[in-house]
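The model is shown first, and the description follows.

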Amino acid sequence: MANVLIDGLKERISNAIKINQSIGIILPGTNYPDLIQALFEHIQNNPEEAWVYITVTKPYENLISQFEFLKDAKNIKFVDCISRAAGITKASDNCVFIESPTMLEKLSLEIINIFKEVDENTKKYLVIDSLTNLIIYNDPDIVTEFFYYIINRTRTKDIHTISLAIEEEELDKYLNRLIYLNDKILKVRDSFI
Amino acid sequence: MEVTELSKNELCNTGMEELDVMLGGGIPTGSTVLVVGSSGSGKTTLAMQFLINGAKQGERGVFFTITEPLFKLTKNMEGFEFYDKKLIESGMVNLIDLRIISERLGLDTEKYTVEDASALLDILRDIADELNVKRLIIDSITALCYRLQTPEMIRDFIFKLGSSLAAMKCTTLLTSEVPPRKFQYSQYNIEEFISDGILFLGDIERKGDLIRTFQIVKMRGAAHSRTKTAMSISSKSGIELMPLLKSRE
């Protein structure tokens with residue numbers, strides 16, 4: 001059953017990102033593992049694309065140990081916003097570590113710098129995992145300003161973005177405002193399983 | 001004040017992309033600019049990057065330090081990708097310890113008289129002239145002024161230094177140390193009046209973390225930005241500027 005869900009997610013993401021510059025994915029916490037599995041499998045299956053994955057949810061090391069195939073993937077770079085703040089000091093060539101998730105300017109600089117090194121003709125994608133966690137570490141107003149900046153900057157550089165928002169009973173009012181800045185919203189529901 | 005647009009060769013390109021954009025192309029050639037900030041704010045790094053970038057464009061430069069020995073300065077700079085040892089070896093970038101010069105001149109290294117200051121000024125000018133430098137750094141003017149005994153001496157020293165370097169079309173950065181979190185430009189409240197430009201390196205606190213900031217307070221003759229931006233220092237790129245998120249915390 002899980003494979004059906006993951007395949008379904010992969011297809012929905014893949015179709016949505018092809019025709020939209022930015023998509024927001026609203027999902028319940030229980031579906032988070034399936035969603036990131038779907039995303040990473042899509043990345044693995046599309047080596048001609050360039051991906052930058054911002055993690056504010058799980059440390060890079062944790063993601064790598066869970067999805068070992070990412071270790072050798074050449075088409076994805078990570079920006080980890082939480083490891084340094086948690087005292088994890090391990091370094092990696094495939095990951096840029098930001099000192100703290102409050103350093104949003106540094107985060108936007110790193111995103112742009114990574115994409116600068118990607119060939120102009122390569123399709124570029126950015127994942128923000130997740131807006132929910134950025135709001136935990138920052139005031140909502142500043143996350144809103146950051147998100148506006150990123151969405152506009154990536155649009156001018158033809159970078160597609162996928163931003164995740166974890167929904168429990170209902171979506172936080174700030175997240176609700178933010179997520180609808182995207183061109184397309186995908187809602188993942190438990191009931192799909 | 002009306003600002004006329006300066007041509008490319010009247011501007012001294014810093015080689016830091018975002019900074020040059022903020023400056024409207026670069027620092028007007030021959031200007032004396034204060035680089036203000038507290039300890040650890042990135043003054044020395046910015047000054048060295050300016051010097052190295054100039055050397056890479058064929059402009060010879062000299063870095064006078066009075067705050068740290070040369071071996072320490074170079075050791076700190078070796079971690080940056082912009083730093084190129086070959087530029088030092090080839091003489092495109094010259095590093096000079098002012099304390100050693102003072103000693104050789106037989107000056108009291110802690111306290112300068114009017115004559116000492118004048119002798120030092122002559123030496124600085126002679127070195128800049130002899131090497132035909134287009135970029136000059138004094139790190140820091142605060143430490144140098146500390147050795148000058150009166151505000152008049154400080155004023156006279158900076159003014160004479162600035163005018164002779166401007167005549168040589170040499171662009172000068174003077175680093176100025178200020179206490180943290182204070183919006184003041186210099187220790188002696190004189191340096192800023194003699195300078196053509198002020199670059200302010202500060203920080204803001206966000207949730208207990210310090211975000212580096214950068215602002216051009218003044219730049220005579222340039223239509224410059226006055227926006228406060230965020231600043232990053234990394235071994236890969238040195239100084240980089242980016243828009244500062246300004247939402248109220």
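## Helix packing, sheet and interface

In chain B, residues B:Val114, B:Ala117, B:Leu121, B:Leu124, B:Arg125 and B:Ala128 of α6(B) meet B:Met153, B:Phe157, B:Lys160, B:Leu161, B:Ser164 and B:Leu165 of α8(B). Two residues are in contact if their C-beta atoms, placed from the backbone, lie within 7 Å. Helices (H or I, at least four residues) and strands (E, at least two) are DSSP runs, numbered from the N terminus. The residues of this contact of α6(B) with α8(B) comprise 9 nonpolar, 1 polar and 2 charged; Ala, Val, Leu, Ile, Met, Phe, Trp, Tyr, Cys and Pro count as nonpolar, Asp, Glu, Lys and Arg as charged, and the others, Gly among them, as polar.

The model is predicted: local features need pLDDT of at least 70, side-chain atom pairs count only at pLDDT 80 or more, and totals for chains, interfaces and linings use all residues. Residues are numbered from 1 along each chain as its sequence is written, while chains are lettered from A and ligands numbered from 1 in the order in which they are written.

| Helix pair | Axes come within | Crossing angle |
|---|---|---|
| α6(B) (114–131) and α8(B) (151–167) | 11 Å | roughly 15° |
| α4(A) (104–116) and α6(A) | 11 Å | roughly 15° |

Axes are lines fitted to C-alpha atoms, for helices over the stretch in contact, and angles run from 0 to 180 degrees between N-to-C directions. α4(A) is thus roughly parallel to α6(A), a label for angles under 35 degrees. The contact involves A:Leu104, A:Ser108 and A:Ile112 of α4(A), with A:Ile142, A:Phe146, A:Tyr149, A:Ile150 and A:Arg153 of α6(A). By class, the residues of this contact are 6 nonpolar, 1 polar and 1 charged.

Helix α6 (140–156) of chain A also lies across β1 (22–28), β5 (124–129) and β6 (159–167) of that chain, at about 150° to β6(A). The open sheet of chain A has 7 strands in the order β4-β3-β2-β5-β6-β1-β7, with parallel pairing; strands pair if DSSP finds at least two bridges between them. Its edge strands are β4 (95–97) and β7 (184–187), and the twist averages 15° from one strand to the next. Strand β3(A) (76–80) is joined to β4(A) by 3 bridges, and A:Asp80 has A:Phe97 as its bridge partner in β4(A).

Between the chains, the contact takes 14 residues from chain B and 14 residues from chain A. On the side of chain B, β11(B) gives the most, with 3 residues.

Notes
Parallel < 35°, antiparallel > 145°, perpendicular 65-115°, else oblique.
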